[in-house]
Amino acid sequence: EPHESERAGRFVRQAKTECGIHTRTTSAGSPHGGALVDLMVKDAGKAKELVNSCVKTVELNERQACDVFCLLHGAFSPLKGFMDETAYNSVVKDMRLPEKQLFGLPVTFDMTDISGFKQGDKLLLKWKGEDVA
């Protein structure tokens with residue numbers, strides 16, 4: 001009979017193959033890719049410098065903002081930004097990043113109109129008027 005906390009879904013059983021003992025654990029394990037990617041800029045001076053270096057501003061829609069926040073806070077670890085074409089094709093074809101890590105969701109920055117942008121432009125991304133990235 002499972003313990004009450006296991007029935008509530010608060011614990012995960014891990015089999016210890018050496019002697020068949022099951023152990024309760026609350027450990028979340030390590031982040032996907034081995035390290036949590038934190039892209040937040042904590043230094044106000046560095047943040048201001050980055051904002052000033054941007055040549056264009058883009059107001060994010062809700063979907064884009066969600067992806068940006070996931071990237072910033074490490075929810076898409078090990079990604080350090082939106083996928084390039086190589087990573088995108090690898091994920092779509094094999095459900096793996098080029099480094100062979102399992103990753104089934106292509107993470108791209110979709111824009112309906114790219115006129116006026118050129119490769120290498122630094123963009124200031126805003127959500128509801130606030131600087132985000």
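Is Phe 82 buried, partly exposed or exposed? Phe 82 is partly exposed, with a relative accessible area of 29%. The legends below describe close-up views of a predicted model.

**View 1. The aromatic pair of Phe 82 and Phe 109.**
A search of the whole structure finds 1 aromatic pair. The ring centres of Phe 82 and Phe 109 are 5.3 Å apart and the planes meet at 50°, so the pair is tilted. It links distant parts of the chain, 27 residues apart: Phe 82 belongs to the loop between α3 and α4, and Phe 109 to the loop between α4 and β4. Phe 109 counts as partly exposed, at 22% relative accessibility.

**View 2. The largest nonpolar core.**
This core has 9 residues in all: Leu 71, Phe 76, Leu 79, Met 83, Ala 87, Val 91, Leu 97, Phe 103 and Val 107. Leaving aside neighbours within four places in sequence, Val 91 is in contact with the core residues Met 83, Leu 97 and Phe 103, and also with Arg 96, Gly 104, Leu 105 and Pro 106. In soluble globular proteins, nonpolar side chains tend to be buried together.

**View 3. The open sheet of β3, β4 and β5.**
The 3 strands are arranged in the order β3-β4-β5, with mixed pairing. At the edges stand β3 (56-59) and β5 (130-131); each has a single partner strand, so one side of each is left without a neighbour in the sheet. Strand β4 (residues 123-127) and β5 run antiparallel and are joined by 2 bridges. Lys 126 has Asp 131, in β5, as its bridge partner.

Most residues other than glycine have a negative phi, and most peptide bonds are trans. Met 95 counts as partly exposed, at 46% relative accessibility. Lys 100 has its place in the loop between α4 and β4, and its phi is also positive, near 80°. Lys 100 is exposed, with a relative accessible area of 59%.

**View 4. Lys 56 and the ring of Phe 117.**
Lys 56 lies over the face of Phe 117, at 5.7 Å from the ring centre.

Definitions and conventions: Residues numbered from 1 in each chain as written. Predicted model: local features only at pLDDT ≥ 70, side-chain atom pairs only at ≥ 80, totals over all residues. Heavy atoms only, no water. Pairing = 2+ DSSP bridges. Helix = DSSP H or I, 4+ residues; strand = E, 2+ residues; numbered from the N terminus. Core = buried A, V, L, I, M, F, W, Y, C linked by side-chain atoms within 4.5 Å. Buried < 20%, exposed > 50% of the residue type's maximum accessible area, 1.4 Å probe, protein only. Contact = heavy atoms within 4.5 Å. Phe/Tyr/Trp six-rings, centres within 6.5 Å; stacked < 30°, edge-to-face > 60°. Lys NZ or Arg CZ within 6 Å of the ring centre and 35° of its normal.
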